[in-house]
Amino acid sequence: MTPGLFITLEGGDGSGKSTQAALLGEWLQALGRTVVRTREPGGTEVGVEIREIVLHHRGEVSPRAEALLYAADRAQHIATKVRPALARGEVVIQDRYLDSSVAYQGAGRVLGAPEVRDLSLWAAEGLLPHLTLLLDLDETAARTRLNAANKRFDRLEAEKNEFHARVRAAFLELAAAEPERFLVLDASLPVDELAALIRARVAALLGLSLD
Ligand code: TYD
């Protein structure tokens, strides 16, 4: 076991992961913890280059090539950034991790969920988060949020609603299979309410009292 705390955030595009990651990080820092905020894909220099390919490559990327690119990003990130931080006793708050691969590459595409999970676990030498926050949001609501933000869609965001519905179902299945690792949150709740629910769970993990 590592002395640090590894927390990941998962959910569809536009579910508010980054906002909650930032709020949680600020709260933990105010409590005196050293916090590393990071993300996949793109949490390292190598990862930034891989991210460019997986999100913005114009031609076709085959399903296995895509899964391997995310796994390569993950291997580099976990080995060079996440494990060292955990070994120093820090809190790592990470946008997306292996559950995203299972949901997007496994259930969303033609590959099977178990093989994608095994590939990720191989890449990360078996590292699992202490806590995974799943920000669950109806795909139509997520789409409306992304449209409102007027963001340019990346390759995966541009997929059809039906794809995003499959991804959402896959996340919920993963959470149901590992209830002790996951906290499933209704991402349509107000930001402050979500943040309070998250703080309560993290406080329990750290053995803190919230008063
Ligand atoms: P990003 O902009 O980082 O996330 P978000 O959309 O949550 O702001 O985009 C990452 C995209 O990559 C997102 O559409 C999900 C996808 N993805 C995978 O398909 N597999 C993976 O293993 C990871 C980590 C992400």
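**Ligand site**

A nitrogen atom of the ligand is 2.8 Å from an N or O atom in the side chain of Gln-105. The protein covers 92% of the 540 Å² of accessible area that the ligand has on its own (Shrake-Rupley method, 1.4 Å probe). I noted two further pairs: an oxygen atom of the ligand is 2.5 Å from a side-chain N or O atom of Asp-13, and an oxygen atom of the ligand is 2.7 Å from one of Lys-17.

The model is predicted, with local features needing pLDDT of at least 70 and side-chain atom pairs pLDDT 80 or more, whereas totals for chains, interfaces and linings use all residues. Residues are numbered from 1 along each chain as its sequence is written, and side-chain values use heavy atoms, without hydrogens and water.

I then listed the shell: 16 residues surround the ligand, and Arg-51 and Ser-101 are among the closest (a heavy atom within 4 Å). H4 gives the largest share, 4 residues. By class, the shell holds 5 nonpolar, 3 polar and 8 charged residues (Asp, Glu, Lys and Arg count as charged; Ala, Val, Leu, Ile, Met, Phe, Trp, Tyr, Cys and Pro as nonpolar; the others, Gly among them, as polar).

**Asn-161**

I found Asn-161 in helix H7, residues 161-177 (helices are DSSP runs of H or I, at least four residues). Asn-161 counts as partly exposed because its relative accessibility is 36%, between the cut-offs of under 20% for buried and over 50% for exposed. Beyond neighbours within four places in sequence, Asn-161 contacts Glu-139, Thr-140 and Arg-143 (heavy atoms within 4.5 Å). Thr-140 is 21 residues from Asn-161 in sequence and 7.3 Å in space, C-alpha to C-alpha.

How values were computed. Helix = DSSP H or I, 4+ residues; strand = E, 2+ residues; numbered from the N terminus. Buried < 20%, exposed > 50% of the residue type's maximum accessible area, 1.4 Å probe, protein only. Polar contact = N/O pair within 3.5 Å; in protein donor to acceptor, adjacent residues only side chain to side chain.
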